[in-house]
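Subject: Structure handover

Hello,

Here is the structure we talked about. Please open it next to this email and follow along.

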Amino acid sequence: MTKPPRKNDRNDRPARWGNRPPRPQRPRQKSESYAEQGGYDNMIAGRNAVLEALKTGQRIDTLYLAPGQTGSISRIIAAAKELGCPIKEVSYEKLDAMAFGINHQGVILTLSAAEYVEVADILRAAADKGEAPFLIIADEIEDPHNLGALIRTAETAGAHGLVIPKRRGVGLTSAVFKSSAGAAAHLPVARVANLASVVEELKSQGIWVYGCDMDGQPWCQVDFSGGVALIVGSEGRGMNRLLKDKCDTMVTLPMQGEISSLNASVAGGIIMYEVARQRLGLTAVSPKVKD
């Protein structure tokens, strides 16, 4: 005698259960905060992969480490220090967000989207053109879009190069490269350990150092002849006090509205083009006269 099938038998289930199509998988969203900094396409995660990348020494940007690690991590740190690569200690949560599902093993290495140069290379390029040096110094710019915009404007205004710090501020990530509209491929960028030392060296070579600040001479009344190094401060804090004290002249823009400051890349762009105007020998137009 055949046993009758149970009501809850798989073959006797209603169609809405047995023939239900698989639920579509919702795509995992990337972290916008890190994606905007140029992550994912210029990142290496995992101890062995990072160590091998450090051995090549090509386009190394920043090493991120979780605290309290042992073992092969000491070899990674030693290789990074030998290359002068900035090392930042961050939480595992930060690394998880950066790695986006990759087993990072507590270490991530980011790569630059372009090769860095030395400050001497920038000065040499100006000399080869027979021009007085024109450099932009980005003091702890943290927003990749701001740095990209500065690079784009600097390149179009005829600057010979840009200088950024190693330890603070964004590097040449792919987001910076994209924001520069490709100008980062043409404008040399130097990454240095100490901006103050660079400023002193530039001054010793007869280059005048100008700082963008709320208190200073109006931008259109400053003589930018000769060698120029223009310092643009960070988005929130402005210029570092030590760098401000080393400037020969402070340059300001008039604020006529309710907002008391400008975006760093906008303010820097206005002053860069005043430098370009004076170098090109362009003069203001004569006032219109009515008949």
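A definition to begin with: two strands pair if DSSP finds at least two bridges between them. Keep in mind that this is a predicted model.

**The four-stranded sheet**

Strands β2 (residues 60-65) and β4 (residues 107-111) meet this condition, with five bridges between them in the antiparallel sense. Look at Leu63: its bridge partner in β4 is Leu109. Both strands belong to an open sheet of four, ordered β1-β4-β2-β3, with mixed pairing. Its edges are β1 (43-45) and β3 (87-89), each of which pairs on one side only. On average, neighbouring strands here are turned by 20° against each other, direction ignored.

Which strands does helix α3 touch? Helix α3 packs on this sheet and touches β1, β2 and β4. The direction of α3 makes about 40° with that of β4. Helix α5 (residues 92-99) lies across β1, β2 and β4 as well, and runs at about 50° to β4.

**Strand β8 and its partners**

Next, go to β8, which spans residues 208-218. Four bridges join β8 to β9 (residues 228-232), and the two run parallel. Tyr210 stands opposite Leu230 in β9. Five bridges join β8 to β10 (residues 249-252), again in parallel. There, Cys212 stands opposite Val251 in β10.

As a reminder, strands of a sheet pair through backbone hydrogen bonds, either parallel or antiparallel.

**Salt bridges**

How many salt bridges does the structure hold? There are nine. Three of them are worth a look on screen.

- Asp213 with Lys244: the closest N and O atoms are 3.1 Å apart. This pair links distant parts of the chain, 31 residues apart, with Asp213 in strand β8 and Lys244 in helix α10 (residues 241-246). Lys244 has 21% relative accessibility, so it counts as partly exposed.
- Lys55 with Glu52: the closest N and O atoms are 3.2 Å apart. Both residues lie in helix α3 (residues 47-56), three residues apart, about one turn of the helix. Lys55 counts as exposed because its relative accessibility is 57%. Glu52 is partly exposed, at 44% relative accessible area.
- Arg277 with Glu274: the closest N and O atoms are 2.8 Å apart. Both lie in helix α11, three residues apart, about one turn of the helix. Arg277 is partly exposed, with a relative accessible area of 30%.

Is Glu274 buried or exposed? Glu274 counts as buried, because its relative accessibility is 7% and the cut-off for buried is under 20%.

**A nonpolar patch**

Last, the surface. Leu262, Val266 and Ile270 make a nonpolar patch of about 220 Å². Val266 is found in helix α11 (residues 264-280). Val266 has 40%, so it passes, and it is partly exposed.

Best wishes

Notes: Residues numbered from 1 in each chain as written. Predicted model: local features only at pLDDT ≥ 70, side-chain atom pairs only at ≥ 80, totals over all residues. Heavy atoms only, no water. Patch = residues over 30% accessible without salt bridge, like charges linked within 9 Å, V, L, I, M, F, W, Y side chains within 5 Å. Areas by Shrake-Rupley, 256 points an atom, 1.4 Å probe, with all protein chains shown as cover. Salt bridge = Lys/Arg side-chain N within 4 Å of Asp/Glu carboxyl O. Buried < 20%, exposed > 50% of the residue type's maximum accessible area, 1.4 Å probe, protein only. Axes fitted to C-alpha atoms, helices over the stretch in contact; angles between N-to-C directions. Contact = heavy atoms within 4.5 Å.
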